[in-house]
Amino acid sequence: MTEKEQEEIFGQWLKAYKALLFKVVRVYAFDTDDQDDLFQEISIQMWKSIPQFKKESKVSTWLYRIAINTALNWKRKGKKHFEGRKEVSEAEHILRLSAEEKDERLDWLYTEISKLNPVDKSLTLLLLDGYSYKEMSNILGLSESNVGVRINRIKKHLINRSEKLNTHGI
Amino acid sequence: MEFEELKKIWDTQNNKPMFIINEEALHRTIQKKKNVASWISDINEISLMLIAIVTSAFLIIKNLDNDNIYAFPPAIFLLLTGLYVLVGRIKRKKNENRFDRSVIGDLDHAIANTEFEIKRAKTFVWWYILPVMIPSFLNMMMNDAPLLTWVLVFAALVLSFFVVRWGLIKSQMPRYRNLLSLRKKLLEDVENTDDLMATNAE
């Protein structure tokens, strides 16, 4: 694959799947510098993965796997990342918050997801984006039955939390 | 709120992206960072290969014009270890670009690889330094090698020892600790769920 072809595919993927990447970034990184840094890491891994993509899965499944894996590894490299923070802050920002009107209910949902443990965060993202248990199991490496049990627990938890949210009137 | 309602809230963001990407800056960053690999591993492997090749070439050239057959086994052994490091490096580079594993599968694979690297680095004295040092020193003693040869061979061995220790302390051990801690964090809850499911099945 030539670099030009790789660049073209990268551009297409970025355009078509940026919402997917943003979701992972927002669930795993909380301030703008961190979100910028994580987005850069995911983009670089996405770029590197292009020649390896054999069309055996959907592009979105492939990208979710890369994005979640990168986010977990990015958390693991927390210290290094912190040391590089200065460099990130001084560099030009890649992400800018869109001027769209804020949706309080969506903000609430993100806050709730970000409170979950790392595996449940990933499962919730996949669940809300309509992935099957089998796809989730392939992406994360858990058994389908384990995915099922956890999904039931996550659903119950989110529904419970939403009832409290309704009581408090957002 | 029912789960379907939560999903509707979630789906609202698909038509109004929450961020705007500065594509030019992203492109520049990717160009700058795409080839940056783990430089400690790179330095470690390249140094070991260089030390092996240079020392081996030195032993061969020094002994070409005399019939000292004892000089050649350590030289060949050094070349073989250089080759071994090269094969390991190619394998590692290939693995760096694998994206088809699951998240937990990738983590387990990374842990197994790091365990192997640590074991290799910790036993380095036994499989590299001693087998090279003993025949080299015997050979130099039998041939009354000049002081410079002693110093160079000794320095090469000491240098390779420190390069490997440095890689172990600065790169492999911290990486291993981080991987284990992430695995623990990720799987603690998964294993608890598995145990619970097994108990329920009984």
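Of the 202 residues of chain B, 22% count as buried, where buried stands for 20 or more other C-beta atoms within 10 Å of a residue's own, exposed for 12 or fewer, and partly exposed for anything in between, with C-beta atoms placed from the backbone. In chain A, buried residues make up 34% of 170. Keep in mind that this is a predicted model, in which local features need pLDDT of at least 70 and side-chain atom pairs count only at pLDDT 80 or more, while totals for chains, interfaces and linings use all residues. Residues are numbered from 1 along each chain as its sequence is written, and chains are lettered from A, with ligands numbered from 1, in the order in which they are written.

Let's walk along each chain. Chain B has 7 helices and 1 strand, taken as DSSP runs numbered from the N terminus (helices are H or I with at least four residues, strands E with at least two). Its elements follow the pattern α-β-α-α-α-α-α-α. Chain A comes to 9 helices and 1 strand, and from the N terminus on they run α-α-α-α-α-β-α-α-α-α.

Contacts tell us how the chains fold back on themselves; two residues are in contact if their C-beta atoms, placed from the backbone, lie within 7 Å. Among contacts in chain B with a separation of 6 or more, residues 24 or more positions apart account for 83%. The corresponding share in chain A is 69%.

Now look at where the two chains meet. Here 40 residues of chain B are in contact with 48 residues of chain A. On the chain B side, the elements giving two or more residues are α1 (3-11), β1 (19-21), α2 (23-33), α5 (103-122) and α7 (147-201). Of these, α7(B) gives the most, with 9 residues. By class, this side of chain B divides into 20 nonpolar, 10 polar and 10 charged residues; Ala, Val, Leu, Ile, Met, Phe, Trp, Tyr, Cys and Pro count as nonpolar, Asp, Glu, Lys and Arg as charged, and the others, Gly among them, as polar.

The strands take part too. Strand β1 (residues 95-97) of chain A is joined to β1(B) by 3 bridges, and the two run antiparallel; strands pair if DSSP finds at least two bridges between them. Within this pairing, Arg96(A) has Ile20(B) as its bridge partner.

A helix pair also spans the chains. Helix α6 (residues 104-114) of chain A packs with α1(B) at an angle of about 105°, their axes 9 Å apart. Axes are lines fitted to C-alpha atoms, for helices over the stretch in contact, and angles run from 0 to 180 degrees between N-to-C directions.

Val119(A), Ser122(A), Leu123(A) and Leu126(A) of α7(A) make the contact with Met136(A), Ile139(A) and Leu140(A) of α8(A). These residues divide into 6 nonpolar, 1 polar and no charged.

Finally, find Arg101(B) in the loop between α4 (72-96) and α5 of chain B. Arg101(B) is partly exposed, with 16 other C-beta atoms within 10 Å. Not counting residues up to four places away in sequence, Arg101(B) touches Asp106(B) and His109(B).
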